[in-house]
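Let's take a walk through this structure together, one piece at a time. Have the sequence and the 3D view handy.

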Number of protein chains: 2
Amino acid sequence: MPTVDEFTREQQDRLLEELNDLLRIPSVSTDPNHARDCRTASEWVADHLKELGCTSVELKASDTHPVVVADGPVQPGKPTVLVYGHYDVQPPDPLDLWESPPFEPTVRDGNLYARGATDDKGQVFSIIKAFEAVSQGGSPPVNVRFLIEGQEESGSGILFGLLEREPELVDVDVALVADTPYYAPGWPAVETGLRGLCYAEITVRTLKGDLHSGLYGGVAPNAHETLVQILSQLKSPKGRIKIPGLYEAVARPSKQERDAWASLPFKQQNFMRHEVGSRELTGLTRYSVFERLWALPTLDIHGISGGFTGEGAKTVIPAVASAKVSLRLVPNQKEKTVQRQLKRAVKAVAPKYADVSVDFIHGADPVLVDATGPYMTLLDDAFREIEGRGIVPIRSGGSIPIVPALGQKGAPVILSGIGLPDDGLHAPNEKIAIDQFLKGVRVFGRFFQKM
Amino acid sequence: MPTVDEFTREQQDRLLEELNDLLRIPSVSTDPNHARDCRTASEWVADHLKELGCTSVELKASDTHPVVVADGPVQPGKPTVLVYGHYDVQPPDPLDLWESPPFEPTVRDGNLYARGATDDKGQVFSIIKAFEAVSQGGSPPVNVRFLIEGQEESGSGILFGLLEREPELVDVDVALVADTPYYAPGWPAVETGLRGLCYAEITVRTLKGDLHSGLYGGVAPNAHETLVQILSQLKSPKGRIKIPGLYEAVARPSKQERDAWASLPFKQQNFMRHEVGSRELTGLTRYSVFERLWALPTLDIHGISGGFTGEGAKTVIPAVASAKVSLRLVPNQKEKTVQRQLKRAVKAVAPKYADVSVDFIHGADPVLVDATGPYMTLLDDAFREIEGRGIVPIRSGGSIPIVPALGQKGAPVILSGIGLPDDGLHAPNEKIAIDQFLKGVRVFGRFFQKM
C-alpha cells in the first residue's frame with residue numbers, strides 16, 4: 001500500500017481533476033437562482049463519498065441545500081473525527097474583474113483559480129482525499145464522519161436546525177474544520193477565535209415615487225441623501241462605530257494572547273501594500289492591526305442600490321435607497337443584541353420624513369475555541385513533519401456560524417486549514433495554491449493515521 | 001378650409017396615432033446603446049416635416065443624433081418663428097415601476113402614457129400639428145423654422161456646435177420653446193427663468209481590489225464608507241450646500257418677482273402630499289417653496305454604484321464606489337465655476353488614502369428670459385381664447401441647455417408649453433393629458449395665425 005505521500009504524489013492529477021468537477025458547479029447559496037446548483041453540488045459530494053467507501057451517505061434536512069452526512073467504514077474502538085466543510089460558495093460578482101471565469105477552474109503559476117477554490121471546496125476536498133489516502137484497503141485508521149453543508153455563506157440555518165433535532169451527529173471525539181488559512185506561507189495556524197456577523201439591509205423611502213430633480217430639487221427629500229446622512233452617522237471618520245452600547249460587551253484579549261500576536265512575523269507596510277492594497281490602514285489605529293482584525297467589531301457598507309446608476313446622466317430624485325451593511329462581532333457580543341442596537345441607532349438618526357427599515361439577512365455569534373488538548377498535539381505533529389514548523393494560535397476575523405454547535409456535545413473543535421492569506425476568498429480571482437492543497441492531503445492523512 | 005379648432009376636432013385620432021409612432025422609438029440620448037434609435041427618431045421627424053410641406057429639410061451636424069432643421073413654405077414679408085424642441089428622451093429606468101411599457105404608448109383616463117409623452121415629443125408635436133393646421137392649402141400665415149435636436153437630455157453639445165458654426169439659423173423674429181408645463185391645470189405659464197445644471201460622477205477608490213470584510217474589516221478602507229463620508233459633508237442636514245463659494249453668485253429674485261409668485265394659487269400641503277408625495281418638504285425652509293424650486297441651487301444624489309447589490313449577503317469591502325450627483329444652478333451662477341467649486345470641495349474633504357475623481361457628464365448655465373414684448377402678447381391672447389385665462393410668469397427648476405444660444409441673434413425666446421405639473425417627466429409613467437395636447441394644437445395654431 002502506498003503511503004499518504006506516495007498516494008498524493010502519484011494521484012495528484014486525478015485529485016485536481018476531481019476538485020475541478022466540484023468547482024465547476026456554481027453553488028452560490030445566497031442567491032435563490034442557484035438553488036438547483038447547490039443541490040447538484042450536494043449530490044456530487046455525496047456520490048463521491050459513497051465511491052470512497054462511506055456507508056450511510058445521506059442528504060438531510062433540505063431539498064435544495066441539504067447537509068451531506070456520511071460515515072466512513074466503522075472501526076470499532078477507534079476515535080471518531082467529525083469533518084465539517086461546506087459545498088456552497090460566495091457570489092462571484094463583480095464578474096468583470098475575474099481573469100478567468102469563476103466557474104471554469106484555471107491553473108496559473110501553480111495556483112488553481114475558481115470561486116470556492118479555497119472557501120471551502122478546495123480545503124474540505126483536501127480532507128476528503130486524505131480520507132481516501134488512508135482508506136486504501138478498506139480500513140481507515142479512524143472513524144470519520146463528514147458533515148458538509150450548503151449554507152455556510154448564508155447563515156447555516158438548515159444545519160443549525162438539523163443539529164438541534166439530531167445533536168448525536170456531533171457526539172464525536174474531535175471536530176476538524178478546514179475553512180481558515182495559514183497565518184502566512186510556511187506558518188500553519190489554528191484559529192482560537194472567530195468573529196461573528198450581523199448582516200443587515202437598511203432601506204429608506206422618502207417619496208411615493210421618483211421625481212425630476214429639476215422640477216422638485218430643493219424641496220423633495222432625496223432617499224439617497226437621507227441614507228448617506230444616516231450611514232455617515234454610524235461611524236466616525238476615525239473608525240469608531242457610533243452605535244450606542246456596541247462596545248460594552250467587547251472583551252479585550254488577554255495580555256498573554258496579545259503578546260503572542262505581537263511575536264508573529266508581520267510587516268505592516270508589506271501587509272498594507274500587497275495584501276490589503278491600500279495607502280493607509282484605517283479603523284481604531286490606537287489598537288494593533290491584529291486586535292482590529294480579530295478582537296474588535298467592525299461596520300462595513302457592502303453596496304447601495306436604488307436611483308439611477310446606468311449609463312449617462314439621469315436627473316432623478318430617488319424615492320427609495322437601500323444599503324447592505326454588516327458588523328463583524330467579537331467575544332462577548334451577541335448577534336441578537338447587536339441587531340437591536342443597530343436598529344435603534346438607525347432609527348435614532350433617521351429624519352422624521354423618511355420611512356426607514358432595517359432587515360437582517362445573515363448572522364452568527366462570535367466564538368472562542370480552546371486550542372489545546374491531545375488531538376491538537378497530533379495535528380501539530382503532522383504539520384511539523386510537513387512544514388518543519390508547528391501550529392501558531394491566531395484568530396480569524398471571519399465567521400463560521402456553525403462552529404459553536406459543532407462543539408455542543410463536548411468535542412474539541414479544531415479550526416485549521418491549508419489556505420493562504422492571499423487566496424482572495426469572497427473576492428474576484430479566488431484561488432488555492434496547488435502545493436497547499438496537496439500538503440493538506442498529506443497533513444490530514446497523517447493526522448488520521450496518528451489518531 | 002377648416003379652422004384650427006375644426007381641424008383639431010376632426011383629425012384628433014390621426015394626430016394621436018402619429019404621435020404614438022414617434023413615442024414608440026426609444027430615443028434615449030444619454031445611452032450610447034440607443035444611438036441608432038435617436039437616428040431613427042430624427043428621420044421620423046424629418047420625413048414628417050417633409051410631408052407637411054417643409055422645404056430644405058436637413059439632418060445636420062451628427063450621424064447619430066442629428067439636428068432636424070426644416071423651413072416651412074417661404075411667406076415673403078411675414079415674420080419668422082423658430083420652433084425648438086427635442087426628439088430625445090430620458091432613460092426609462094426603473095422599468096418595473098411603469099404600469100405600461102415606456103415605449104408602448106397607452107391611454108388611461110384621458111392620458112397618454114409613454115416616455116417622452118410630455119418631454120418633449122408630445123409638446124413639440126402639438127406645435128408641428130398646429131403648423132399643419134394653419135398650412136392647409138399650402139400658405140401658412142407665417143414663416144416657421146423647426147430646429148428639433150436629439151441631445152437635450154445630454155447637454156445639447158451637437159446643437160451648440162451647429163449654432164456656433166451657423167448662427168444665422170437663429171436669425172429669426174421669435175423663438176418658441178414648448179418644453180415646460182402650465183403652472184397648474186387651467187393656468188398657462190411662461191417661464192422667465194430656468195435653472196442650470198452641473199452633473200458629475202464622483203468616484204472613490206480605496207483598495208486595489210475588493211476584499212473580504214471578515215479577513216480585512218477593521219483595517220481596510222471601504223470605498224463606500226469613504227464616499228458616504230464625502231457626500232455627507234457636501235450638504236448640511238438642514239439643506240445648506242457646503243460647497244465653499246457656491247452661494248456667492250446667487251442673485252435673489254426681485255421683491256416684485258417674489259410677490260408675483262406669492263400671489264399664485266398654491267396649497268403647500270396639497271403640493272407636498274399629492275405632487276411631491278412626501279411627509280415633509282426639505283431644503284432651506286426659511287425660503288418659500290417657489291424660491292427653493294426656482295431661485296436656489298440644489299444638490300441631489302441620483303445613484304451610487306459599486307460593491308455588492310445583488311440578492312443575498314455578500315460580505316465584501318468594496319474597492320471602488322461612485323455616485324452620480326448634480327447641482328441645479330440659478331442666476332448668476334456659471335456651470336464652469338460650479339464645476340471648479342464642486343471638485344475643490346470634494347477634494348478638500350476626501351481622505352488622503354483615497355483616489356477621488358470628479359467627472360462632469362452633463363450641464364447647462366442658468367438663464368433668465370424677458371417675458372414681455374409683442375409676440376408674448378399674441379401668445380397670451382391665444383391662451384386667453386382657449387383657457388379663459390392668460391399666461392402667468394413663473395420660473396422652472398429644470399434646465400434647457402440651449403435656450404441662451406437660441407436668443408443669441410436677438411430674438412426673444414418664449415418658453416411656454418402645454419404639459420401639466422403632474423406629467424411625471426423623467427419619472428416612470430410619464431404622460432401627457434390628451435386634452436392638453438389638443439389644446440396645444442389650437443393655441444399654437446392661433447399664435448401662428450395672429451402673427
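Which residue of S18(B) does Tyr113(B) stand opposite? Tyr113(B) faces Lys431(B) there. Keep in mind as we go that what you're looking at is a predicted model.

Tyr113(B) belongs to strand S5, residues 111-113 of chain B, and S5 is joined to S18(B) by 3 bridges, with the two strands running antiparallel. Zoom out a bit and you'll find an open sheet of 3 strands, ordered S4-S5-S18 in chain B, with antiparallel pairing. Strand S4 (106-108) and strand S18 (431-433) of chain B sit at the edges with a single partner strand each, so one side of each has no neighbour in the sheet. From one strand to the next, the twist averages 25°. The sheet has a helix on it as well: H13(B) packs there, touching S5 and S18 of chain B, and its direction makes about 65° with that of S18(B).

Let's stay with H13(B), since other helices meet it too. Two packed helices are described by the angle between their axes and the distance between the axes. Take helix H1 (residues 4-23) of chain B and helix H13 (residues 434-450) of chain B: their axes come within 10 Å and cross at roughly 135°. H1(B) and H13(B) are therefore oblique to each other, and their crossing is right-handed. On the H1(B) side, look for Val4(B), Asp5(B), Thr8(B), Gln12(B) and Leu16(B). They meet Ile434(B), Leu438(B), Val441(B), Arg442(B), Gly445(B) and Arg446(B) of H13(B). Sort the residues of this contact by class and you get 5 nonpolar, 3 polar and 3 charged.

Now for helix H11 (residues 374-387) of chain B, whose axis comes within 9 Å of that of H13(B), with a crossing of roughly 135°. That makes H11(B) and H13(B) oblique to each other, and this crossing is right-handed. H11(B) brings Leu378(B), Leu379(B), Asp381(B), Ala382(B), Phe383(B), Glu385(B) and Ile386(B) to the meeting. H13(B) answers with Lys439(B), Arg442(B), Val443(B), Arg446(B), Phe447(B) and Lys450(B). In this contact there are 7 nonpolar and 6 charged residues, and no polar ones.

The peptide bond from Asp119(B) to Asp120(B) is cis, with omega near 5°, and Asp120(B) lies in the loop between S5 and helix H3 (121-134) of chain B. Another cis peptide bond joins Pro331(B) and Asn332(B), with omega about 5°. You'll find Asn332(B) in the loop between strand S13 (320-329) and helix H10 (335-349) of chain B.

Over to chain A. Helix H11 (residues 374-387) and helix H13 (residues 434-450) of chain A pack at an angle of about 135°, with axes 9 Å apart. H11(A) and H13(A) are therefore oblique to each other, and they cross in a right-handed way. Ala61(A) is in the loop between strand S1 (55-60) and strand S2 (67-71) of chain A.

How is chain A divided up? Domain 1 covers 4-194 + 367-450, and domain 2 covers 196-246 + 281-364. Their centres, taken over C-alpha atoms, are 34 Å apart. Where the two touch, domain 1 of chain A gives 9 residues and domain 2 gives 10. The domain 1 side of that contact has 2 nonpolar, 6 polar and 1 charged residues.

Note on methods: Residues are numbered from 1 along each chain as its sequence is written. Chains are lettered from A and ligands numbered from 1 in the order in which they are written. This is a predicted model: local features need pLDDT of at least 70, side-chain atom pairs count only at pLDDT 80 or more; totals for chains, interfaces and linings use all residues. Domain bounds come from an automatic or database domain assignment. Two residues are in contact if their C-beta atoms, placed from the backbone, lie within 7 Å. Ala, Val, Leu, Ile, Met, Phe, Trp, Tyr, Cys and Pro count as nonpolar, Asp, Glu, Lys and Arg as charged, and the others, Gly among them, as polar. Axes are lines fitted to C-alpha atoms, for helices over the stretch in contact, and angles run from 0 to 180 degrees between N-to-C directions. Helices (H or I, at least four residues) and strands (E, at least two) are DSSP runs, numbered from the N terminus. Angles under 35 degrees count as roughly parallel, over 145 as roughly antiparallel, 65 to 115 as roughly perpendicular and the rest as oblique. A crossing is left-handed if the near helix is turned anticlockwise from the far one by less than a right angle, and right-handed if clockwise. Two strands pair if DSSP finds at least two bridges between them.
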